[in-house]
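Please look over the sequence and the model shown here before reading on. The paragraphs after it are meant to be read with the structure open.

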Amino acid sequence: MELSEKEQILYDALMEFEEDDVLDQVDELLADNVDPLRIADICKEAMDEVGIMFQDKEIFLTELIMAGELLNIVMEKLGFKKGTQDGDDSDFKGKIVIGTVKGDVHDIGKNIVTSLLASKNYKIIDLGVDVTPDKFVEAVKENNPQVVGMSGLLTLAYDSMKATVDALVSSGLRDGVKIMIGGGAVDEKVRKHVDADAFGNDATDAVVLMNKWIK
């Protein structure tokens, strides 16, 4: 993602966990009529990098938690507060079961996606992190979603994504759902390996796909 000068300042402030600078820069970008979805995508890109830094032991758990808390503040400022998820299925545009797959515990990028989708009145069944294929299958059986979303920042997650799709096939559930994957360096090659319906490189892609699949 190519960034403008102001967007780069936001990215750098996020990487340094400088809350005041982050919020000031978000205000400036909004004043410049930058799309809130683009700002959210910049945040996701920065948070993906933070996740890798934590995995490589370049930052501590306290800093990772700080990044997540800062992200929540930014998302609310952008108008993507989740709000209530109570109500019947008919109260929502659609439903997605989503989780970070087995072997991966990164969830900041996933949380950005769920916040965006919830703000667009989609019901979110968030399974959390390190989710096994069986848990995805159980959640699909129980909740009957139109879409399954799988997230993974690490390359080892790709085989877990494929195992999850295979489990849905074996359970006779695959044809009833659309599957999107995202996180890290996910691309068309990974999508084919996993046998997902689509992949996304940023949070905006998830919103576009949901709007396309659920009319």
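This is a predicted model: local features need pLDDT of at least 70, side-chain atom pairs count only at pLDDT 80 or more; totals for chains, interfaces and linings use all residues.

Residues are numbered from 1 along each chain as its sequence is written, and side-chain values use heavy atoms, with hydrogens and water left out.

The domain assignment of the protein chain gives domain 1 (5–78) and domain 2 (94–213), with bounds that come from an automatic or database domain assignment. Taken over C-alpha atoms, the centres of domain 1 and domain 2 are separated by 23 Å. To their contact (heavy atoms within 4.5 Å), domain 1 contributes 15 residues and domain 2 contributes 14 residues.

Rolling a probe the size of a water molecule over the atoms shows where empty space is left. On a 1 Å grid over the protein atoms alone, a cavity is a set of points where a 1.4 Å probe fits but cannot get out, whereas a pocket is an open set with protein on both sides within 12 Å along at least five of seven lines; lining residues have an atom within 4 Å of a point. Points are joined across faces, edges and corners, and a volume is the space filled by probe spheres set on them.

The largest pocket has a volume of about 260 Å³. Of the 23 residues that line it, V105, H106, D107, I108 and G109 are the closest to its centre, and the elements that give two or more residues to this lining are α3 (36–55), α4 (61–77) and α5 (108–119); helices (H or I, at least four residues) and strands (E, at least two) are DSSP runs, numbered from the N terminus. Because domain 1 (5–78) and domain 2 (94–213) both give residues to the lining, the largest pocket lies between them.

The search of the whole structure also finds 1 cavity of 30 Å³ or more, and the largest cavity holds about 190 Å³ of space. Its lining has 19 residues, of which V113, M150, M180, I181 and G182 are the closest to the centre. Two or more lining residues come from each of α5, β3 (147–151), β4 (178–182), β5 (198–200) and α9 (203–213).

At 1.5 Å a residue, times one less than the number of residues, the 12 residues of α5 should span 16 Å, and its end C-alpha atoms are 17 Å apart, which agrees. Since 10 of its 12 residues are buried, α5 is largely enclosed by the rest of the structure; buried means under 20% relative accessible area, exposed over 50% and partly exposed in between (1.4 Å probe, protein chains only). What covers the buried residues of α5 includes α3, α4, β1 (94–100), β2 (122–126), β3 and α9. After α5 comes N121, whose phi is positive, near 70°.

In strand β3 lies S151, which counts as buried at 15% relative accessibility. Not counting residues up to four places away in sequence, S151 touches G99, T100, V101, K110, M161 and G182.

In helix α1 (residues 5–15), the buried residues are E7, L10, Y11, A13, L14 and M15, and their cover includes α2 (19–31), α3 and α4. Just after α1, F17 takes a positive phi of about 60°.
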